[in-house]
Amino acid sequence: MLSIKKYAAIDIGSNAVRLLISNIIEEKGQSVRFKKNSLVRVPIRLGADVFIKQKISKVNTERLIDTMKAFQLLMKSHNVVKYKACATSAMRESKNGEKIVDLILKKSGIQIDVINGEEEAAIIAATDLQKFVDKNKTYLYVDVGGGSTEFTVIYKGEQAASRSFKIGTVRLLNDTVKKSTWNELEEWIVANTKQYDKVSVIGSGGNINKIFKLSGKTTDKPLTYFYLTSFYNILQSYTYEERITELELNQDRADVIIPATRIYLSAMKWSRAKNIYVPKIGLADGIIKSIYYETVSSNTQ
């Protein structure tokens, strides 16, 4: 007996908004399978408003409402039965965030949950991350977003420490990250990894996924610290326009990829990691799994 249902995850980030639709395949005698069906990404960049002016502009509010209306129609067309919409740091820190969440519910019917960094890290932990973790090794998992970055130390397959820092690509672009925040991050990474002989970094986020794709490596092979440093230097040597034309990056990726790489390199340096693995997982993947296993509340279409 085969059963296929569709679930959806909406990730309202500081740089972009995403809709992931996945097939949930259940077959008697087999483990459930999660197969990505469709992914739509809209670069609204809410963080550019919030991290400078503390509120989401009227223009971006309208764009977000239009996007949610479109997502609602796409979910209806796909016959999605359950969904969850999560908003992260930009919406969380916006003075008019609560008002916008209410407006979106009224205009599109989509209910949005504004989650904190710890909830975000917990949802991401529900992904296929364990498939990529060797229980004999120690990892520092780094999920870079536009407004914040989540760090998790994994020892013998278990979470040993976890923390969210307000260091993200959009914040760095807008020069709103204090030196003291960087110092606090360094201290936290050093304190939570120094007791381990060898640490590898696991990176997630659109920027490291793009870098990994450009490297041409297979999923089970890591990027080295040397490779990432060399790539970082190349990125800095190109103009914004050259990063679009030469590296074929999207406009909204061509600027944030530099601060993102800086975050990954810093994490590797402070944890003494020589390699970074890129399994291509993120918040949206975690939301889908969390809906299925009922570790989060969900909504029905």
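Residues are classed here as buried when their relative accessible area is under 20%, as exposed when it is over 50%, and as partly exposed in between, with a 1.4 Å probe and protein chains only. The structure is a predicted model, in which local features need pLDDT of at least 70 and side-chain atom pairs count only at pLDDT 80 or more, whereas totals for chains, interfaces and linings use all residues. Residues are numbered from 1 along each chain as its sequence is written, and side-chain values use heavy atoms, with hydrogens and water left out.

The chain contains 13 helices and 12 strands, where helices (H or I, at least four residues) and strands (E, at least two) are DSSP runs numbered from the N terminus. Its radius of gyration, taken over C-alpha atoms, is to be set against the globule rule of 2.2 Å times the number of residues to the power 0.38. The radius of gyration is 19 Å, close to the 19 Å that this rule gives for 301 residues, so the chain is as compact as a globular protein of that length. Along the principal axes, the C-alpha atoms fill a box of roughly 50 × 50 × 35 Å. Of the 301 residues, 51% count as buried. With contact defined as heavy atoms within 4.5 Å, 67% of the contacts between residues at least 6 apart in sequence join residues at least 24 apart.

By the Shrake-Rupley method with a 1.4 Å probe, in which only the protein chains shown count as cover for residues, the chain exposes about 14,600 Å², and carbon and sulfur atoms supply 48% of this area. The chain carries 45 positive and 32 negative side chains, and the centres of the two sets lie 2 Å apart. In this count Lys and Arg are positive and Asp and Glu negative, while His and the chain ends are not counted; each charge is placed at NZ of Lys, CZ of Arg, CG of Asp or CD of Glu.

Helix H13 (residues 283-292) is largely enclosed by the rest of the structure, because nine of its 10 residues are buried. The buried set consists of Leu-283, Ala-284, Asp-285, Gly-286, Ile-287, Ile-288, Lys-289, Ser-290 and Ile-291. These residues pack against strand S1 (2-12), strand S2 (17-27), strand S3 (33-42), strand S4 (82-87) and helix H5 (117-124).

Lys-280, in the loop between strand S11 (275-277) and H13, is not a glycine and yet has a positive phi of about 60°; Lys-280 is partly exposed, with a relative accessible area of 40%. Glu-294, in the loop between H13 and strand S12 (299-300), likewise has a positive phi, near 55°, in a residue other than glycine, and counts as exposed at 60% relative accessibility.Polar contacts are pairs of N or O atoms within 3.5 Å; within protein, one atom must be able to donate a hydrogen and the other to accept it, and residues adjacent in sequence count only if both atoms are side-chain atoms. Glu-93, in helix H3 (residues 89-93), is partly exposed at 26% relative accessibility, and a polar contact of 2.3 Å joins its side chain to that of Arg-171. When residues up to four places away in sequence are not counted, Glu-93 touches Val-50, Phe-51, Gln-54, Lys-166 and Arg-171. The C-alpha atoms of Glu-93 and Phe-51, which stand 42 residues apart along the chain, are separated by 8.1 Å.

Thr-149, in strand S7 (residues 149-155), is buried with a relative accessible area of 0%, and its side chain reaches the backbone oxygen of Ile-167 at 2.6 Å. Beyond residues up to four places away in sequence, Thr-149 touches several others, among them Val-142, Asp-143, Val-144, Ile-167 and Ile-263. Thr-138, in strand S6 (residues 138-144), is buried with a relative accessible area of 8%. Its contacts, leaving aside neighbours within four places in sequence, include Val-153, Ile-154, Tyr-155 and Tyr-196.

Leu-249 lies in the loop between helix H10 (240-245) and helix H11 (251-254), and is buried with a relative accessible area of 3%. Leaving aside neighbours within four places in sequence, Leu-249 is in contact with Lys-210, Leu-214, Arg-243, Ile-244, Ala-254 and Ile-257. The C-alpha atoms of Leu-249 and His-78, 171 residues apart along the chain, are separated by 29 Å.
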